[in-house]
Amino acid sequence: MDELATPGARRHEKYERLIAATRDIRAIPCAVAHPCDASSLEGAVEAARAGIIAPILVGPRHKIEAAAREAGLDVARLELVDVPHSHAAAAKAVELVRAGRAELLMKGSLHTDELMREVVAKDTGLRTERRISHVFIMDVPSYPEPLFITDAAINIFPDLETKADICRNAIDLHLGLGLGTPRVAILSAVETVNPKIPGTIDAAALCKMADRGQIAGGLLDGPLALDNAISPEAAAIKGIRSEVAGRAQVLVVPDLEAGNMLAKNLSFLAGADAAGIVLGARVPVILTSRADNVRTRMASCAVAALYAHHLAETRPVAA
């Protein structure tokens, strides 16, 4: 929390608004899988201190306690489930979600693949009818609103059906965070349909699916190049007239490589922060990186907690 409060530090108002919004909701129970280094444990402890999550630490007790001593963190009051190794931690954390004891899942110091393998397991995982996808919620200093980028971490070469779920997941998150009806740009290298660029065909199909109600809740346009998706001037020069062009809030990339490079370009060249969340499972999954600063970790937890609260409030009551 010190970084958030340091006088003169770069302030990202978009993240601060999301973090502030969690003050109006309860702390969401969160299973933290294998928080066995200082950075992953600090993220969970700080989010707990802020009242965003109620963490259940799952991993080898001796490693978690050693990481806490190294970082000067007090975990004595937090629930700790002792398991022997990272694989067992991933499995147990997912089990806690399935049992209803946790409404969020958070990655600790294990590999993303190890955690996601348990999430997508056929009989014991957290699958739903939706394809699982990742969203970066970018706080870009030069952009007026939070900028969603999807999918830059899970689906490598998504087909049309997968892209439709990627859009649905991002739209539902935007709505669930109270950010309103999202303007969704389906990105390509060009803004015209070109049979030689398959992504432009997918973009046109996704927009028609939205017209037909197959993708609901958002305003879609594409294909759009990045410049005319986010710059009103670029859209005007190209003569593109739509509610999305130049004002996009969600950027749907053609593949993982493009999305990953876009997000990292914004982070390292434009001073953006990148909170991350996985959607399409039974509960939101918080994916953090060792390179994330305190503000970004807090924002990831805040986004996940707000969305989990929304899901709980809107979930049909069983008869």
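**Backbone, sheet and helices**

Visitor: Where does Asp-151 lie?

Guide: Asp-151 is in the loop that runs between strand 6 and helix 7 (160–176). Helices (H or I, at least four residues) and strands (E, at least two) are DSSP runs, numbered from the N terminus. This is a predicted model, in which local features need pLDDT of at least 70 and side-chain atom pairs count only at pLDDT 80 or more, while totals for chains, interfaces and linings use all residues. Residues are numbered from 1 along each chain as its sequence is written, and side-chain values use heavy atoms, with hydrogens and water left out.

Visitor: What kind of peptide bond joins Thr-150 and Asp-151?

Guide: The bond between Thr-150 and Asp-151 is cis, with omega at about -5°. The bond from Gly-222 to Pro-223 is cis as well, its omega being near 5°. Pro-223 has its place in strand 8.

Visitor: Now the sheet. In what order do the strands come?

Guide: The open sheet has eleven strands, ordered 3-2-1-4-11-10-5-6-9-7-8, with mixed pairing. Two strands pair if DSSP finds at least two bridges between them.

Visitor: Which strands stand at the edges?

Guide: The edges are held by strand 3 (79–82) and strand 8 (219–224); each has a single partner strand, so one side of each lacks a neighbour in the sheet.

Visitor: In which sense do strand 2 and strand 3 pair?

Guide: Strand 2 (residues 53–59) pairs with strand 3 in the parallel sense, over four bridges. Within that pair, Gly-59 is opposite Asp-82 of strand 3. Strand 1 and strand 2 also run parallel, joined by six bridges, and there Ile-28 stands opposite Ile-53 in strand 2.

Visitor: How many residues of strand 1 are buried?

Guide: Five of the six residues of strand 1 are buried, so the strand is mostly covered. Buried means under 20% relative accessible area, exposed over 50%, and partly exposed in between (1.4 Å probe, protein chains only).

Visitor: Which strands does helix 11 lie across?

Guide: Helix 11 (residues 256–269) lies across strand 5 (133–139), strand 6 (147–150), strand 7 (183–187), strand 9 (250–252) and strand 10. Helix 11 runs at about 145° to strand 6. Axes are lines fitted to C-alpha atoms, for helices over the stretch in contact, and angles run from 0 to 180 degrees between N-to-C directions.

Visitor: Last topic: how many residues has helix 12?

Guide: Helix 12 (residues 294–314) has 21 residues. From first C-alpha to last it reaches 30 Å, close to the expected 30 Å, a span defined as 1.5 Å times one less than the number of residues.

Visitor: Is helix 12 mostly covered or mostly uncovered?

Guide: Helix 12 is mostly covered, with 15 of its 21 residues buried.

Definitions and conventions:
Contact = heavy atoms within 4.5 Å.
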